[in-house]
Amino acid sequence: MATNENLPPNVIKQLAKELKGLDESPPEGIKVGVNDDDFSIIYADMEGPAGTPYENGVFRMKLLLSHDFPHSPPKGYFLTKIFHPNIAPNGEICVNTLKKDWNPSLGLRHVLIIVRCLLIEPYPESALNEQAGKMLLENYDEYARHARLYTGIHAKPKPKFKSGAICESTTALNVEQHNTSVLNIEQKNAASGAGLSLPSPLVPSSTKGGNNPDHQPQPQQQPIVPATETGVSGTAVVGISGTAPKKEGLSKVPADKKKMDARKKSLKRL
């Protein structure tokens, strides 16, 4: 996963777009790769142009992008040893495009094409390798022999960059930025809703016990089921299950007895 801490976000966005274009439509004889840990380091494998002492060779190079890229040019280095007037023994590349002729509007594609053109047409007048520059001016055949010797020894085919590596890296970068945005939103929502708690349907609602921790919820009352019982006098008494029935039948017995006694007294008088 690319961290890209060395480049500002707007440059990373433009760079990712350009790298994807280089991967999908690479320049002739050039294959680009990226450093998965840092997009500010761009790798490229260059095929030696046909008809030159570098033919059949594969040369790996890198471009180092500074923090203020593209306002300042990248620095180019060959990682594969090469005998060339404009490439120093330490691999540094000398070309006007990466120095006085640099323009922020120039893209990576243009830079890579210019570097490969150096293998076709060197500039001995601005040589970093003085031996190669002098030999090129004085004895081209000797220069070509040395260049072919270096090519045969050092510029052997390299392990190819994984196909689609740039697309995967740029996609991973977009996913990382998307996941970071989603995480920030979730954290913000969690912070705003921290004080809100929804009651669980499994927890009984509190009654008049208030916040008293000793208060226990009242057990739920059983449903009231009417029950019919027969009183002593044969009248129906409606009671509630689990409770004592009213004693209407018992209270009515003395009243009836009084009426019977009154009737008996009246008959005796007659």
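This is a predicted model: local features need pLDDT of at least 70, side-chain atom pairs count only at pLDDT 80 or more; totals for chains, interfaces and linings use all residues.
## The loop between β2 and β3

Asn-56 is found in the loop that joins β2 to β3. The phi angle of Asn-56 is near 75°, which is a positive value in a residue other than glycine. Most residues other than glycine have a negative phi. Is Asn-56 buried or exposed? Its relative accessibility is 69%, and because values over 50% are classed as exposed, Asn-56 counts as exposed.

Thr-52 also has its place in the loop between β2 and β3. With a relative accessible area of 11%, Thr-52 is buried. Leaving aside neighbours within four places in sequence, the residues in contact with Thr-52 are Leu-119 and Ile-120.

## The annotated active site

Which residue carries the feature "active site" in UniProt? The record, an unreviewed entry, places this feature at Cys-94. Such annotations may be inferred rather than shown by experiment. In the model, Cys-94 is located in the loop between β4 (75-78) and α2 (108-120).

Cys-94 has a relative accessibility of 13% and therefore counts as buried, since the class of buried residues covers values under 20%. When residues up to four places away in sequence are not counted, Cys-94 touches Asn-86, Lys-99, Leu-118, Ser-126 and Leu-128.

## Salt bridges

Side chains of opposite charge can pair when their charged atoms come close. How many salt bridges does a search of the whole structure find? The search finds three. One of them joins the side chains of Asp-45 and Arg-60, with 2.6 Å from N to O. This pair links distant parts of the chain: Asp-45 belongs to strand β2 (residues 38-47) and Arg-60 to strand β3 (residues 58-64), and the two are 15 residues apart. Asp-45 and Arg-60 are both buried.

A further salt bridge is formed by the side chains of Arg-145 and Glu-142, at 2.8 Å from N to O. Both residues lie in helix α4 (residues 140-154), where they are three residues apart, about one turn of the helix. Arg-145 is partly exposed, at 46% relative accessible area, and Glu-142 is partly exposed, at 27%. The side chains of Lys-31 and Asp-23 also meet in a salt bridge, at 3.5 Å from N to O. Here Lys-31 counts as partly exposed, with 28% relative accessibility, whereas Asp-23 counts as buried, with 14%.

## A cis peptide bond and an aromatic pair

Most peptide bonds are trans. The bond from Phe-69 to Pro-70, however, is cis, and its omega is near 10°. Pro-70 is situated in the loop between β3 and β4.

Phe-69 also takes part in an aromatic pair. The count of aromatic pairs in the model comes to six. Among them is the pair of Phe-69 and Trp-102, whose ring centres are 6.2 Å apart and whose planes stand at 40°, so the pair is tilted. Because Phe-69 lies in the loop between β3 and β4 and Trp-102 in the loop between β4 and α2, this pair ties together parts that are 33 residues apart in sequence. Both Phe-69 and Trp-102 are buried.

## Aromatic rings and surface at helix α4

Phe-83 and Tyr-150 form another aromatic pair, also tilted, with 5.5 Å from centre to centre and 40° between the planes. Phe-83 lies in the loop between β4 and α2 and Tyr-150 in helix α4, so this pair ties together parts that are 67 residues apart in sequence. Phe-83 is buried, at 2% relative accessible area, while Tyr-150 counts as partly exposed, at 30% relative accessibility. Which residues do ring pairs link into a cluster? The cluster consists of Phe-83, Tyr-140, Tyr-143 and Tyr-150.

Together with Leu-149 and Ile-153, Tyr-150 makes a nonpolar surface patch of about 270 Å². Leu-149 is placed in helix α4 and, at 46% relative accessibility, counts as partly exposed.

How values were computed: Residues are numbered from 1 along each chain as its sequence is written. Side-chain values use heavy atoms; hydrogens and water are left out. Helices (H or I, at least four residues) and strands (E, at least two) are DSSP runs, numbered from the N terminus. Buried means under 20% relative accessible area, exposed over 50%, partly exposed in between (1.4 Å probe, protein chains only). Contact means heavy atoms within 4.5 Å. A salt bridge is a side-chain nitrogen of Lys or Arg within 4 Å of a carboxyl oxygen of Asp or Glu. Patches are made of residues with over 30% relative accessible area and no salt bridge: like charges are joined within 9 Å, nonpolar side chains (Val, Leu, Ile, Met, Phe, Trp, Tyr) within 5 Å. Accessible areas come from the Shrake-Rupley method with a 1.4 Å probe; for residues, only the protein chains shown count as cover. Rings of Phe, Tyr and Trp (its six-membered ring) pair if their centres lie within 6.5 Å; planes under 30 degrees apart count as stacked, over 60 as edge-to-face and the rest as tilted.
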